[in-house]
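Colleague: Before I use the terms in your description, I would like to hear how each of them was reached.

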Amino acid sequence: MTTNSLPPDPNDLWQPSRGLNKRVEQAVIWLFGLFAIISVATTVGIVLSLLFETVEFFRVVPLWNFLTDRQWTPLFSNPQFGILVLLSATFLTSFIAILVAVPLGLLSAIYLSEYASPKLRKWLKPALEILAGVPSVVYGYFALLLVTPFLQIFIPQLGGFNALSAGIVIGISITPLIASLSEDAIYAVPRALRDGSYALGLTKRETVFGVVLPAALSGIVASIILAVSRAVGETMIVALAAGLNPRLGLNPFVPVMTMTAYIVQVSLGDTPAGSIAFKSIFAVGMTLFLVTLAFNIISFWFVRKFRETYE
Amino acid sequence: MTTNSVSQVATKACLRAKNVSVYYGPFLAVRDVSLDIFRNEITALIGPSGCGKSTLLRCFNRTNDLILGARVEGKVTFQGSDLYDEGVDPVYVRRRIGMVFQKPNPFTKSIYENIAFAARINGYKGSIDELVETSLQRAALWDEVKDKLKESGLSLSGGQQQRLCIARAIAIEPEVILMDEPCSALDPISTLQIEELMRELESRYTIVIVTHNMQQASRISDKTAFFNAESTETGNKVGYLVEYGDTEQIFSEPREQATQDYVSGRFG
Ligand SMILES: Nc1ncnc2c1ncn2[C@@H]1O[C@H](COP(=O)(O)OP(=O)(O)O)[C@@H](O)[C@H]1O
Ligand SMILES: [Mg+2]
């Protein structure tokens with residue numbers, strides 16, 4: 001601005017011509033702002049519509065019953081909507097998934113960033129990320145047609161639909177996510193930190209587990225929490241392999257119905273729109289949204305609190 | 001060219017480099033260095049950047065082993081035994097010959113744990129609390145941190161972080177401490193504190209320090225080695241030892257013209 005207010009010197013060798021540039025720059029800023037507003041507005045819209053229907057639902061079914069009933073029978077003449085039934089199934093499949101995915105994902109991340117040769121890493125990392133792109137319907141059939149029959153060899157009482165296979169396969173499907181994000185976090189730990197550890201007479205294993213992993217902790221935990229919310233929201237695998245039987249409890253061998261599976265069932269079925277059973281999917285959707293939101297907030301808080309800033 | 005005025009008293013040598021050359025892949029970085037480091041002395045390595053001071057320093061505790069493609073030729077002995085002998089475990093070498101780096105690199109742990117961690121892993125059987133206290137005292141940091149031992153090491157200032165790294169290095173009681181430009185990232189006051197600290201540590205440890213700062217070398221060191229680099233036919237620069245002797249002699253009556261030019265600030 002100051003240069004513009006000076007009288008232009010025609011003999012100056014430096015003659016900037018940014019007249020048009022300036023208008024283009026303004027336009028670009030507006031355009032970006034517009035897109036940012038669209039994406040935020042969409043999210044707000046989704047949450048609002050969810051909220052309206054949810055409020056409608058709770059006009060009929062008291063919140064207290066929703067939270068404490070021990071049955072999920074939306075189609076009975078005297079329906080009960082105990083969310084705990086669906087929550088327990090979601091918890092069960094997600095818990096099994098995390099049990100599978102955390103050790104698998106973390107160990108591959110550690111191997112990739114600390115032990116694999118640079119050449120191997122160059123190949124494995126993209127391969128891992130491709131694995132993350134396999135459609136979940138493929139994983140769903142994998143669970144139903146391969147994992148369940150295989151597990152039945154060892155566990156004869158295992159149902160054709162069950163939480164165990166679904167959980168294991170969700171775990172496999174989110175392993176690349178944990179591996180890839182954790183690997184980024186581990187790889188980003190400065191070399192200086194490793195050198196400092198070696199210089200104290202520590203071995204590679206002691207350095208990796210004692211110095212590098214703690215330094216990458218916030219990134220690792222963030223990746224795990226992200227994977228948890230992925231597992232909670234996973235739909236195709238549970239709809240295909242875990243069954244559609246609302247049942248309260250934590251038995252992994254029997255068919256169960258998760259929150260997502262219920263939403264799929266009602267959306268695809270012939271439940272009349274406007275009925276209380278139909279409205280219930282919004283309440284379930286809201287619960288799902290709140291659970292994942294809680295995880296994201298925890299993750300955000302954790303990363304903020306424990307992120308180490310090394311220059 | 002290599003003048004070794006101190007080799008007559010070599011019996012006291014703690015670390016000896018004999019005809020050491022270091023390669024990074026095909027690239028020769030330092031050529032044919034022979035140098036004795038003496039016990040309970042401070043030896044300064046000076047010279048223009050890129051002449052291989054850090055490279056040579058890393059030979060003394062086998063941290064070059066950690067660099068892909070680095071190769072050390074010649075012989076490095078520590079108290080008479082070959083550091084690069086087949087049966088020698090580099091982890092054990094580094095346990096006895098510690099290192100402090102150019103940029104402070106405290107672990108992402110509490111101040112207390114920064115020191116306790118390696119001691120515990122190395123199987124220290126005494127009181128860890130006491131060890132932490134004495135190490136911090138020796139590193140002249142205790143008074144500043146004694147009320148916040150639980151806080152992250154990264155919460156300290158740069159100079160404090162570097163003293164924490166020194167405390168961490170001396171906590172495991174090495175015999176030698178290698179320092180690679182330990183003050184180059186610090187302000188003048190922190191620098192003076194660390195120099196003072198080194199003089200105190202001299203009675204218990206053998207110190208080798210790489211420094212860019214010639215005043216620093218002349219202030220604190222007993223012996224000084226001056227390195228320079230020369231271009232080869234292929235255009236690469238190769239570092240070599242120009243002159244080694246008592247610090248006083250190097251700074252007041254160097255034998256080589258290049259040394260004279262360097263210490264008087266005419267190049268580098
Ligand atoms: N890790 C490395 N890989 C390849 N070349 C290196 C590496 N470290 C140092 N060099 C090269 O070796 C030469 C000496 O470097 P260095 O020992 O760092 O010098 P100084 O510490 O005296 O500045 C330089 O030419 C530098 O580019
Ligand atoms: Mg250097």
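This is a predicted model: local features need pLDDT of at least 70, side-chain atom pairs count only at pLDDT 80 or more; totals for chains, interfaces and linings use all residues.

Modeller: Residues are numbered from 1 along each chain as its sequence is written, chains are lettered from A and ligands numbered from 1 in the order in which they are written, and side-chain values use heavy atoms, with hydrogens and water left out.

Colleague: Why is the pair A:F57 and A:F58 called edge-to-face?

Modeller: Rings of Phe, Tyr and Trp (its six-membered ring) pair if their centres lie within 6.5 Å, and planes under 30 degrees apart count as stacked, over 60 as edge-to-face and the rest as tilted. The centres of A:F57 and A:F58 are 5.2 Å apart and the planes stand at 70°, so this pair is edge-to-face. Both residues also belong to a cluster that ring pairs build with A:F66, A:W72, A:F81 and A:Y262.

Colleague: What makes A:F57 buried, and why does A:F58 count as partly exposed?

Modeller: Buried means under 20% relative accessible area, exposed over 50%, and partly exposed in between (1.4 Å probe, protein chains only). A:F57 has a relative accessible area of 0% and is therefore buried, whereas A:F58, at 24%, counts as partly exposed.

Colleague: How do you know that B:R168 sits over the ring of B:F107?

Modeller: A charge sits over a ring if NZ of Lys or CZ of Arg is within 6 Å of the ring centre and within 35 degrees of the ring normal. The charged end of B:R168 sits over the ring of B:F107 at 4.2 Å from its centre, and A:K204 lies over the face of A:Y115, at 4.9 Å from the ring centre.

Colleague: What makes the approach of B:T55 to ligand 1 a polar contact?

Modeller: A polar contact is a pair of N or O atoms within 3.5 Å; within protein, one must be able to donate a hydrogen and the other to accept it, and residues adjacent in sequence count only if both atoms are side-chain atoms. A polar side-chain atom of B:T55 lies 2.4 Å from an oxygen atom of ligand 1, and polar backbone atoms of B:G50 and B:K53 lie 2.7 Å and 2.9 Å from an oxygen atom of the ligand.
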